[in-house]
Amino acid sequence: MFYREAGQFRTTYEADGQLLPIRQDRIALIATLAVAVLAVPLLASPYLLSAILIPFLIFALAALGLNILTGYAGQLSLGTAAFMAVGAFASWNFVARIPGIPMLLAFVLGGLCAALVGIAFGLPSLRIRGFYLAAATLATQFFVIWCLTKISWLTGGSASGVITAQRIEIMGYAFDTPQRKYVLVLLVVALMALLAKNLVRSNVGRSWMAVRDMDMAAEVIGIRPMRTKLLAFAVSSFYCGVAGALYAFAYLGTVEPEAYSLDLSFRILFMIIIGGVGSILGSFLGAAFIVLLPVFLNIAAHGLALPTSVASNLELMVFGALIIFFLIVEPHGLARLWQIGKEKLRLWPFPH
Amino acid sequence: MDINFFFEVLIGGLLSGVMYALVAIGFVLIYKASGVFNFAQGAMVFFAALTCVGMMDKFGMSLWLAIPCTVVAMIVLGIAIERVVLRPLVNQPEITLFMATIGLAFFLEGLAQLLWGSQVHQLPLPIEDVPMQSLLDRFNIVVSQFDVIAAIICGVMVAVLALLFAKTRVGRALRAVADDHQAAQAVGIPLQRIWAILWAVAGVVALVAGLLWGARNGVQFALTFIALKALPVLILGGFTSVPGAIVGGLIIGASEKLAEVYIGPLVGGGIEGWFPYVLALLFLLVRPEGLFGEKIIRRI
Amino acid sequence: MSTLSVNNIEVIYDHVILVLKGVSLEVPQGAIVALLGANGAGKSTTLKTISTLLRGERGDVTKGEVRFNGERVDQLTPNALVTRGLAQVMEGRHCFGHLTIEENLLTGAYTCRQSRAQLREALERVYHYFPRLKERRTSQAGYTSGGEQQMCAIGRALMAKPTMILLDEPSMGIAPQIVEEIFGIVKDLNTRENVSFLLAEQNTMVALRYADFGYILENGRVVMEGAAAELAANEDVKEFYLGVSGAGRKNFRDQKFYKRRKRWLS
Amino acid sequence: QEQFVALPSYRVGPYASGGSGFYGGIIDYFSLVNAAGGVNGVKIAWQECETEYNPSRGVECYERLKTQRGGATLVEPLSTSIAYGILDRIPQDKIPMTMLGYGRSDAANGKVFPYVFPLISSYWSQAAAMVKYLADKNGGSLKGKKIVHLYHDSAFGKEPLPVLEALAKQQGFELVKVPVAPPGSEQQAQWLQIRQARPDHVILWGWGVMNSVAIKTAQRNGFPREKILGVWWAGSEEDTVPSGDAAKGYTAMSFNTPGNYPVLDEIRAKLYKTGKGNLSDQARIGSVYHMRGVTAGILFVEAMRTAQEKFGKGKPVTGEQMRWGLEHLNIDAARQKAVGAANMFPTVKTSCEDHEGSGAVKVQQWDGRKWNAITPNWIVGDRALVKKLIDESSGKYAAEKNIKPACMP
Amino acid sequence: MGEATMLMNEPDTLFGARRQAGPVILDLRDISLSFGGVKALTGISFDVREHEIRAIIGPNGAGKSSMLNVINGVYRPQQGEIVLRGQHRRNMDCHAAARSGIARTFQNIALFKGMTVLDNVMTGRNLKMKSNFLLQALYWGPARREEIAHRRKAEEIIDFLEIQHIRKTPVGRLPYGLQKRVELARALAAEPEILLLDEPMAGMNVEEKQDMCRFILDVNDQFGTTIVLIEHDMGVVMDISDRVVVLDYGRKIGDGTPDEVRSNPEVIRAYLGGVADGEANGVESGGHGH
Ligand SMILES: Nc1ncnc2c1ncn2[C@@H]1O[C@H](COP(=O)(O)OP(=O)(O)OP(=O)(O)O)[C@@H](O)[C@H]1O
Ligand SMILES: Nc1ncnc2c1ncn2[C@@H]1O[C@H](COP(=O)(O)OP(=O)(O)OP(=O)(O)O)[C@@H](O)[C@H]1O
Ligand SMILES: [Mg+2]
Ligand SMILES: [Mg+2]
């Protein structure tokens, strides 16, 4: 009975165009953000911050990036990790080679480099579709990682190709504790999520979805598929690039090609499919699922006092089974499940 | 350029390509007949091979007893997959089915190792993996006997499966299913039975691939990675064509080896990882549905 | 005895959208029954419920039952229904785009094992009904025109030699001549082979002309039922479904803009 | 009264078999020590966490484990990527990390990396020792010889290049670099190239499936396995068993002398008899990975002992104290004998400048069933060269990170 | 255009006098199109005048939809010429067609299935939206104003077609008939000068067809939009169109006013058949007794 939109009228298109038209949703979001920014850093343990929340937010950002490309523009990609790697390495190089460059600018520039690479590898999408495109994007993955291992200039000439990320310092303020890193990541992610949300509900987003749903019809309406798809690749790669930089700087602390393996690309794809393809919220839910579930399973499995290898394998099986289970319950992902839940809540206590 | 060496590389590449095709066929089978991009194919290969050696190890079976037992296991597995995973997901978007197979891959990897342990094993197929002496003597070219036999097995499999799809009633039904699950159901194609059969067959194909690859590389978790080798083969040959798998395999195998040997040294080597993908990608620019794939119908 | 009886079914999509609110209908043995109603009334949903294709669309039957020849069938698979002789032509054609027209037709015969000659004969029969299909039989269905696809879908259902056919808007996108022909075929199969039909049709005029019995669906409820002739004579039906009022058919140009449909219920 | 050790381990995924052997060895030794009353009465506690060899999960595991049970005092991730991921965190958390035979070679410099311990031998020491061994085999000189460096095309495979290149120049042999794209399940092209190049030796710097495939592919191309010398990550049963007979004669490096030792017998008798062993398969006791794990266990326990001697016997030491213990290890032949592991691994003596403590290795050969040592003595390569490289590289790191190299008290 | 503008400003055109057809706006000359062996169109010529409602009829597979596809550049004819407002072209391309004010609906509904009705209609305004994507990301200033202005337009069209109640529904869930209407809304949102409609009334009952006719006529009246229409319902065609082209097997077999076409013997043979005479609209819309 509490979740009702009755009595809330939107009299202008402006009001209807709001991010969250229902008041309860707005309140909930603001409250969540407030808690996340103010309470969490004070209350959460360093473990929770640095090992769970930071990677969760970073992966959510990457998933958001992929969701823009795959979920909104309909281009299936398996090259996410490569774009993240470009972002990370580029940021590292900017910081290392341009003394005194502001860190955030380096991240943005890293993202832009990723966007350029994204555009280059997005070109084939004009002709190639679906799983063919997905498999072809693996070329990005392998090629970029290969370049990063081969071209030692990119890794600052380090013999092993593994470099440690510089300390994050913004305007003389060092982000070195888990709390600070968390706040930084949270702000970046929240801001970028907001921008993404704006983008997908505006003309650009509609063009993406149009191309996704029926590219020929979109063309007939006057949407240029090439420009639209490439823009999607660019924006998506930018997001992934920034996420990659954060992954290196705020989480791992190292910049190395192996951290951006194919495995990571897949992981992020899982996130958006589980979370909900074509949903900003879904990116977060999916990231939570993929980041948190293995941790819980790991803790649970080891709590069972089973032999460790049995526990580890069971964990893998349960993870796989849960993915299937959720897909069967709701093929459109957790975001849809959430939405249906809300709709039910709206009707509650009446059945229909 | 040493022409002998060139041929050696070429033949080696072609034969490796056949091994890739072996894995690719499993993909094609399922994609062509249900529109599902089966990410779990690699896991199935691993599962099959590990089950086979696991039975030999744990129960002391001979190879010739373990193989039929594994065939049975794979058939049971295929039926179970249809029941538990696919049946509830009929008529869902491709990407959802794809994701479900990813879940399946995790499950199978865990299950295989839970049942049989994570140890690596040797798979003692009675085929020697040594250069064929006659060729070595006469032309100074190394060609492994094992590869030649693998190529023959693969050829036979391709022929049988290609025949199945072409013109038979079931083959036609399978292609119909891939186009439109719902319409296929509406005309009375027993989707569930067909899928169960299909996944069982794919399981057996995975076993063959698992046996041959397992004998070559040992039975270990890395068998799941060979699916990655099959992907460029698939996109080059076309997801929907059995002969495409083998032709794609030959092209990919030969060109990646030639590239590694002749281009690799110029750029620092190790290009085998991405070269096939880039090649396939360039090829797709010309033909977006691969060599023999069904043309993607785009119409409004 | 009725071949098909639908008892008070309720259907919900996506767990929240209630579409059918207790629909009951009967198709007597050897009858042609028309299911009429406006856009979104739930005709297609009813047909999909009967053929159990609903499950694939995340729809659930939450109440009621469907019986075919006395047997409860709502839990069966679509395949089982086809083998029992119930075929469906789905709305929106649903041809197998990559298969040729002829292959499309042949898939229709999947459930009845037939000899080559029998198959040939069945094909010829369809080609006889739809000569256009014969001309295009080697083209991939995905590349044929809308009407050709519609014919293909109908032809495909005929190939299964069903005893009952559910037709969802068979006349959609079909040239008038052929529409007559399709209904001619329906009548023909009905009288000669005693095939029963349940047809959801917007072309009320023709539908009522050929049908024995009709149901009118509004908003997921049956609001009117009766013999076809009776329905056709009903003033409301005449006005809203046949477009004829007292003074005969109106010119489309002269329709009033503000005229809104009268509802029986809700 | 517990000494807590964090073990971010991996028992699924591509490297599961190595992980289960290694961590099994550590845990077996810990259990053995605990069964005998612990270290001066302090029991060892440990906890595993599944990393799947994935850096992201590894970091999470580290963060999770480090605060458990009063705080971890030692961590061993057995993965270079994970080690790098936590490299910056450990000095802050004051938890020493060991990297037994992997990771950054320059971490041997304790002045720059006070909390990192590439114990026994680093990649650079190994590479130098390999060259030394090959030179010895060729009568003391490699002049005019051709050596192929067949490597995993990643940071791992490229790590020894500075040493190998320097030595090639110094000793006058030709070094041919042949990379293998990871994971390396196909190497026909590489081995045809090798066949074409006709090298005198092949150094196999591989990992995972790459090793067995290399051996198999060498056989199918008729390359004698005796001429292949693998690194220690290519020298376990996991690498040879899958290749079957093809592996016969293959040689590889090791920092253990294969064989049986009293400590292993004790593990069999005291643990496995009573079902308390960690391995599911008893036959793996004493296998390469297991023995490496037992070695690690011994080193850890010795470090605890050393630390307790300084900071007070009979009570657990802190991470900082453990660090001190690791930096003052002195496991000589007598000590080895005392723990039932005489000559099982080289003697280890660490110091602030030298966190490696040894740099000595052995060469072992696979006879089709088991590994046998074929060098009676421990081999040490060009230490001076390695030292120089370590100083250069760690100096650069220190400059980058604003670390003032200094020994910790 | 003078007259058109004037008319546009007229307050009440709803039931006002019909607009007169203007000069030729689109001229198709000798168009031939074939796919492999199939000749979809052979040497078709006809013209479309400004403000008129031009119908294309013909049996199934005659090439009607292909004709529309040629006009807005989805298909490229092997032969022929398209003259649009005096500009000669070998063929169109989709984007150019859209920019020069051609919009259309499709026979097999081509809505964007994953989007809501409102979003679908808004995509129709895509060409008119100018602000760049950075501004859109910020949803600020010009972008915001533009979005709201276009939203208003879209809502007008939604009101006009009476689909307000489903504004926020994903189109995939809508029944067939409503989808057709949404498609029309999307096309109208582009404020086209030429509107191509491919069987807009398929799958509708008489009442809905009446509504649809009303919409089409109103668009034609109010906005002066030229309409090219394919429809199988002869009642509709004969009642609302100004001129009719008849295709059969890719050839033109008739062209003229409804009455002319109705009495053309070849048209009767190929398409209308027995139902043509007298009560031409009988089949579809009543008349035949029982
Ligand atoms: N997959 C679905 N998910 C959600 N709602 C649906 C779905 N399919 C249909 N509906 C809803 O169910 C209602 C009935 O739809 P149905 O297709 O049965 O109508 P119909 O009578 O066949 O209409 P038409 O004549 O236009 O085909 C509609 O309101 C529609 O929005
Ligand atoms: N892209 C294509 N590839 C191959 N053949 C095509 C293609 N498009 C149309 N055709 C063929 O061209 C012919 C004309 O098709 P079109 O769609 O124009 O017919 P139509 O007049 O619209 O018929 P309907 O009333 O059935 O919609 C048909 O025979 C069709 O099969
Ligand atoms: Mg319908
Ligand atoms: Mg058409």
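User: How far apart are the nearest C-alpha atoms of chain C and chain D?
Analyst: They are 36 Å apart, and chain C and chain D do not touch. Keep in mind that this is a predicted model, and the numbers I give you are computed from it.

User: OK, and what about chain D and chain E, how far apart are their nearest C-alpha atoms?
Analyst: Those are 31 Å apart, and chains D and E do not touch either.

User: Then which chains share the most contacts?
Analyst: That would be chains C and E, out of eight pairs of chains in contact.

User: Let's look at chain C. How many helices and strands does chain C have?
Analyst: Chain C is built with ten helices and twelve strands. Its radius of gyration is 19 Å, close to the 18 Å that the globule rule gives for 266 residues, so chain C is as compact as a globular protein of that length. Along the principal axes, the C-alpha trace of chain C spans about 55 × 45 × 35 Å.

User: What share of the residues in chain C is buried?
Analyst: Buried residues are 64% of the 266 in chain C. If you take the contacts in chain C with a separation of 6 or more, 68% of them are between residues 24 or more positions apart.

User: There's a magnesium ion in there too. What coordinates the magnesium ion?
Analyst: Ligand 3, the magnesium ion, is coordinated by OG of Ser44(C) and OE of Glu91(C), at 1.8 to 2.3 Å. Those two come from distant parts of the chain, 47 residues apart: Ser44(C) sits in helix 1 (residues 43–50) of chain C, while Glu91(C) is in the loop between strand 6 (86–89) and helix 3 (101–108).

User: Is Ser44(C) buried or exposed?
Analyst: Ser44(C) is buried, because its relative accessibility is 13% and the cut-off for buried is under 20%.

User: And how does Glu91(C) count?
Analyst: Glu91(C) has a relative accessible area of 22%, so it counts as partly exposed.

User: Switching to chain B. How many helices and strands are there in chain B?
Analyst: Chain B has twelve helices and zero strands. The radius of gyration of chain B is 20 Å, close to the 19 Å from the globule rule for 300 residues, so chain B is as compact as a globular protein of that length. The C-alpha trace of chain B spans about 60 × 55 × 35 Å along its principal axes.

User: And how much of chain B is buried?
Analyst: Of its 300 residues, 66% count as buried. For chain B contacts with a separation of 6 or more, 74% involve residues 24 or more positions apart.

User: Last one. Where is Lys276(D)?
Analyst: Lys276(D) lies in the loop between helix 11 (262–272) and helix 12 (288–311) of chain D. Lys276(D) counts as exposed, because its relative accessibility is 54%.

How values were computed
Residues are numbered from 1 along each chain as its sequence is written. Chains are lettered from A and ligands numbered from 1 in the order in which they are written. This is a predicted model: local features need pLDDT of at least 70, side-chain atom pairs count only at pLDDT 80 or more; totals for chains, interfaces and linings use all residues. Side-chain values use heavy atoms; hydrogens and water are left out. Helices (H or I, at least four residues) and strands (E, at least two) are DSSP runs, numbered from the N terminus. The radius of gyration is taken over C-alpha atoms; the globule rule is 2.2 Å times the number of residues to the power 0.38. Buried means under 20% relative accessible area, exposed over 50%, partly exposed in between (1.4 Å probe, protein chains only). Contact means heavy atoms within 4.5 Å. Donors are N, O and S atoms within 2.8 Å of the metal (3.2 Å for Na, K and Ca); water is not among the atoms, so sites may look incomplete.
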